[in-house]
Amino acid sequence: MRALPGAARLYIGLVFLSALAVVGLGPFTGIDPATLALVVVLYVVTESISTTMHNGKAGVSPGAAASLAAVVLVGPVGAAAGALCSAPFVLRRQNVVKRMFNGGQLALVGYATGHAFLALGGEVGPPDRADFPWILVPFCAALVVYGVGNSVLVGLLMWCLGEVRLAPPRRVRWRTLATLELASLGYGMLGLFIAVVWGVIGAPAILLVLLPLFIARWAFDQCLAEQRAHEATLATLCQAVETKDYYTRGHCMRVSKGAGMIAQQLGMPAERVQTIRYAGMLHDVGKLGVPTKVLQKPDKLTEEEFAAIQLHPMRGYEIVREIGFLDEALGGIMHHHERMDGRGYPMGLAGTDIPEFGRIISVADAFDCMTSTRSYRKARTVEEAFAELRRGAGTQFDPAMVAALITAVDRDGWELPDAVEPPGDGSAVVAQQDHDDPSVPLRVVREAER
């Protein structure tokens, strides 16, 4: 606990001691020890197979099913005791502090949930046919209390750790929150099913219920493994591009980050945000089809060489178009050099005819170019880059995308990259990189590259 802030240490200690208090005060009358022992097993198993969602930033635990089932089977004190006793045995990599907080949190939430269940007429013990449908009223109330109580306890911990601010966010990502809450609601309703099956067949209900959970967890793991394989494939392609072009080292990942920030600011669902990040990673993959001597040429480009550079969006599309999971990302790769005034390439699209992903990547690409150091100039400040983006809004860039990036960077910040020094005299790829810089007029760029 030494590495934690003082407020977090105090908070975790209070949660754990409060859980010990409610369990110690009891009463335990009417709680079957064998049923309580099996509830502990249920807690251990469900907490050991928690699932991660949204790129590891959020998760849902089947522990909701165990907690709600415990409330019905052994009441509020039994639910709290089962949660607290299970914490040391959960099969996850957790230190003592995490186990203390998780056990205390589940115990307190289970205790509050159990009293809500009893207050609205719920009865402790396995329900039978006569209890339906009226048991749904106290059970649903208990489910709401579980969700609210769990959110409050975790939210207070995040505040003590300095991970959240009291100021309200400028945009609440309701779709992500709704997804997590629906998943938690589904697990919670499973708790009533466990209690009902328990009343019919007894202890074997654990095996009957947990088998589908294990299968679902296995299937989820396969999806995560496939996603990791996808990301590894894209990272390899990015590395191949960076091998050919000195100044793209780190550029693809930064464009991916910037494009994701724009997409989130626009309120896109998590799936589209991930796809636009893929597009940002691969937006320059077409440079693999451009001769290395052109990419690294220290002199001015000929018209033929400049034409080869202009083909890289189409080459990129051709390279990755058979990768099925990219989907909408292909439009961003193909059209990230189009302009709102129709003077871009490769197809000269204008306005909203340019795919949305192309308009997003165009802004993120230019922003990173301007805030990166080149051999011929130092990196511009974020404020200077903002000014150039605003100047090009409506002609080169979509104004909505520019506004979204500025808002997101103002809120979350932007880490400027270190300068990349190419081998030799440092004069390579000047013309090519100028073309991505909106502060240089298009006419001047083309004349300079001839």
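This passage describes the fold of one protein chain, from its overall make-up to single residues.

The model is predicted, so that local features need pLDDT of at least 70 and side-chain atom pairs count only at pLDDT 80 or more, while totals for chains, interfaces and linings use all residues. Residues are numbered from 1 along each chain as its sequence is written, and side-chain values use heavy atoms, with hydrogens and water left out.

The secondary structure of the protein chain consists of 18 helices and 2 strands. Helices (H or I, at least four residues) and strands (E, at least two) are DSSP runs, numbered from the N terminus. The chain has 450 residues, of which 49% count as buried. Here buried stands for under 20% relative accessible area, exposed for over 50%, and partly exposed for values in between, with a 1.4 Å probe and protein chains only. Among contacts between residues at least 6 apart in sequence, 73% join residues at least 24 apart, a contact being heavy atoms within 4.5 Å.

The largest nonpolar core holds 55 residues, and Y11, Y43, F117 and I194 touch the most other members. A nonpolar core is a set of buried Ala, Val, Leu, Ile, Met, Phe, Trp, Tyr and Cys residues joined through side-chain atoms within 4.5 Å. At least two residues of this core come from each of α1 (6–25), α2 (33–48), α3 (63–86), α4 (96–119), α5 (136–160), α6 (174–201) and α7 (205–244). The largest share, 15 residues, is supplied by α3. Leaving aside residues up to four places away in sequence, I194 touches L42, A65, A69, A205 and V209. Apart from this core lies another, of 44 residues, with L237, M281, F357 and L389 among them.

Two helix pairs that involve α2 were examined. The axes of α2 and α3 come within 8 Å and cross at roughly 100°. Axes are lines fitted to C-alpha atoms, for helices over the stretch in contact, and angles run from 0 to 180 degrees between N-to-C directions. The contact of α2 with α3 contains 14 nonpolar, 7 polar and 1 charged residues. By class, Ala, Val, Leu, Ile, Met, Phe, Trp, Tyr, Cys and Pro are nonpolar, Asp, Glu, Lys and Arg are charged, and the others, Gly among them, are polar.

For α2 and α7, the packing angle is about 5° and the axes are 11 Å apart. This makes α2 roughly parallel to α7. L38, L42, V45 and T46 of α2 meet I206, L210, L213 and F214 of α7. Sorted by class, the residues of this contact are 7 nonpolar, 1 polar and no charged. L207 also lies in helix α7; with a relative accessible area of 67%, L207 is exposed. The C-alpha atoms of L207 and L42 are separated by 9.6 Å, although the two residues are 165 apart along the chain.

Two further residues are buried. R254, in helix α8 (residues 251–265), has a relative accessible area of 16% and is therefore buried. Not counting residues up to four places away in sequence, R254 touches R249, D368, S372, W414 and P417. Q396 sits in the loop between α15 (382–392) and α16 (399–412) and is buried at a relative accessible area of 17%. From C-alpha to C-alpha, Q396 and R343 are 8.3 Å apart in space and 53 residues apart in sequence.

Most residues other than glycine have a negative phi, and most peptide bonds are trans. The peptide bond from G26 to P27 is cis, with omega near 0°, and P27 is placed in the loop between α1 and α2. A cis bond also runs from Y345 to P346, with omega near 15°; P346 belongs to the loop between α13 (329–335) and α14 (356–370). D327, not a glycine, has a positive phi of about 50°. This residue, D327, is in the loop between α12 (312–320) and α13 and counts as exposed, at 59% relative accessibility.

Note on methods
Angles under 35 degrees count as roughly parallel, over 145 as roughly antiparallel, 65 to 115 as roughly perpendicular and the rest as oblique.
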